[in-house]
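Hi,

Here is the structure you asked about. Please open it first, then read my notes below.

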Amino acid sequence: PLQAFIFDLDGVITESAEYHYLAWKALGEDLNIPFTREFNEELKGVSRMDSLEKILVLGGRQNDFTQEQKNSLAEKKNDHYCTLIQNITPADILPGIEPLLAEIRAQGLKLGLASVSKNAFTVMTSLGLKDEFDVIVDAATIAKGKPDPEIFLTAARLLGVEASACIGVEDAAAGVDSIKGAGMFAVGVGSAESLAKADLIYPNTSLLSYAEIVEKYQQA
Ligand code: G16
Ligand code: MG
C-alpha cells in the first residue's frame with residue numbers, strides 16, 4: 001500500500017527552476033554559448049557541475065577550461081542563483097502544492113524531498129516548508145545526480161518505506177528517469193513530450209489531484 005510521496009523541489013514546489021535557467025543563461029552568454037529553453041530542459045534536475053559540462057559541450061568549449069576554471073564558472077552561476085532566490089517567500093509555493101501536501105498529511109502518508117540542489121534547505125526554509133517534510137535528502141550526501149535513482153532511493157530509505165510504496169513527483173525528464181529507475185510510480189508536471197516516461201502527467205501543478213494520483217497508482 002501507498003506510504004509516501006517524494007517531491008522534487010525546483011519546478012514542482014516552487015518556480016526556482018526558472019532562476020536556475022536565468023543564471024545558467026547569463027553564464028552561457030558570458031561564454032558566448034547562448035541556449036534556448038528547449039536546451040534548458042536537459043539541465044533540469046542535473047547537478048551543478050554536470051549542467052556546466054552540458055553547456056560547455058553545447059558550445060564546443062569543453063576543452064577550453066581547467067578544472068579550477070570550471071569550478072569558478074559554476075561558483076559564478078551559483079552566486080547569481082543565490083541572489084535570485086533571496087526574495088523567495090511562502091507566496092512562491094506553486095498553486096496546488098499546499099492543498100496536495102495537506103491531503104497527503106491528512107491521509108497519514110509520509111513526505112520526502114529529493115532535490116539534488118545544494119540550495120534546497122535554503123529554498124525550503126524560505127518557503128516555510130522545511131518542517132512539513134519528514135525527510136529532506138542532503139544533496140551533499142548524494143554521489144550520483146538525476147537521472148540516477150540514488151536520490152529517490154535514499155529518500156525512501158530515510159523514510160523507512162519500500163520504493164514500490166512511494167510516488168515521486170517531478171518536472172524534469174532526468175527526474176522522471178530517476179523515479180522510474182528507483183521502481184516508483186512517477187507523476188510528471190510539465191509537457192508530455194519531455195516527460196513521456198511518467199505514469200501520469202499534469203501540464204502544471206494547479207491540476208495535481210490527490211484522488212486521481214492515488215487511483216492511478218493503485219491501478220498500476
Ligand atoms: C536542481 C535543478 C538543477 C540544478 C540542481 C543543482 O535539481 O533542477 O537545475 O542544477 O538542482 O542545484 P545547485 O546548483 O543549487 O546545487 P532538483 O533535483 O531540485 O530538480
Ligand atoms: Mg525539478
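Leaving aside its neighbours within four places in sequence, which residues is Leu111 in contact with? They are Ala4, Phe5, Leu101, Ile104, Glu132, Phe133 and Asp134. Two residues are in contact if their C-beta atoms, placed from the backbone, lie within 7 Å.

First, some ground rules. This is a predicted model, where local features need pLDDT of at least 70, side-chain atom pairs count only at pLDDT 80 or more, and totals for chains, interfaces and linings use all residues. Residues are numbered from 1 along each chain as its sequence is written, while chains are lettered from A and ligands numbered from 1 in the order in which they are written.

**Leu111**

Leu111 sits in strand β2 (residues 110–113). Helices (H or I, at least four residues) and strands (E, at least two) are DSSP runs, numbered from the N terminus. Leu111 counts as partly exposed, because it has 19 C-beta neighbours inside 10 Å. The cut-offs are these: a residue is buried if 20 or more other C-beta atoms lie within 10 Å of its own, exposed if 12 or fewer, and partly exposed in between, with C-beta atoms placed from the backbone. Leu111 and Phe5 are 106 residues apart along the chain, yet their C-alpha atoms are separated by 5.2 Å.

**The whole chain**

The chain has nine helices and six strands. Its C-alpha trace spans about 50 × 30 × 30 Å along the principal axes. With 220 residues, a compact globule would have a radius of gyration near 17 Å, and the chain agrees, at 17 Å. That radius is taken over C-alpha atoms, and the globule rule is 2.2 Å times the number of residues to the power 0.38. Of the 220 residues, 42% count as buried. Take the contacts with a separation of 6 or more: residues 24 or more positions apart account for 61% of them.

**Gly96**

Gly96 lies in the loop between α4 and α5 (97–106). Gly96 is partly exposed, with 17 other C-beta atoms within 10 Å. Not counting residues up to four places away in sequence, Gly96 touches Thr205, Ser206, Leu207 and Leu208. Gly96 and Leu208 are 112 residues apart in sequence, but 6.4 Å apart in space, C-alpha to C-alpha.

**Helix α7**

Eight of the 10 residues of α7 (residues 150–159) are buried, so this helix is largely enclosed by the rest of the structure. Among the buried ones are Ile151, Phe152 and Leu153. Their cover includes β1 (4–7), β2, β3 (135–136), β4 (166–170) and α8 (173–181). Gly160 follows α7, and its phi is positive, near 75°.

**Helices α3 and α4**

At what angle do α3 (residues 48–58) and α4 (residues 67–84) pack? The angle is about 105°, with the axes 10 Å apart. Axes are lines fitted to C-alpha atoms, for helices over the stretch in contact, and angles run from 0 to 180 degrees between N-to-C directions. The two helices are therefore roughly perpendicular to each other. (Angles under 35 degrees count as roughly parallel, over 145 as roughly antiparallel, 65 to 115 as roughly perpendicular and the rest as oblique.) Arg48, Met49 and Leu52 in α3 meet Lys70, Leu73, Ala74 and Asn78 in α4.

Best wishes
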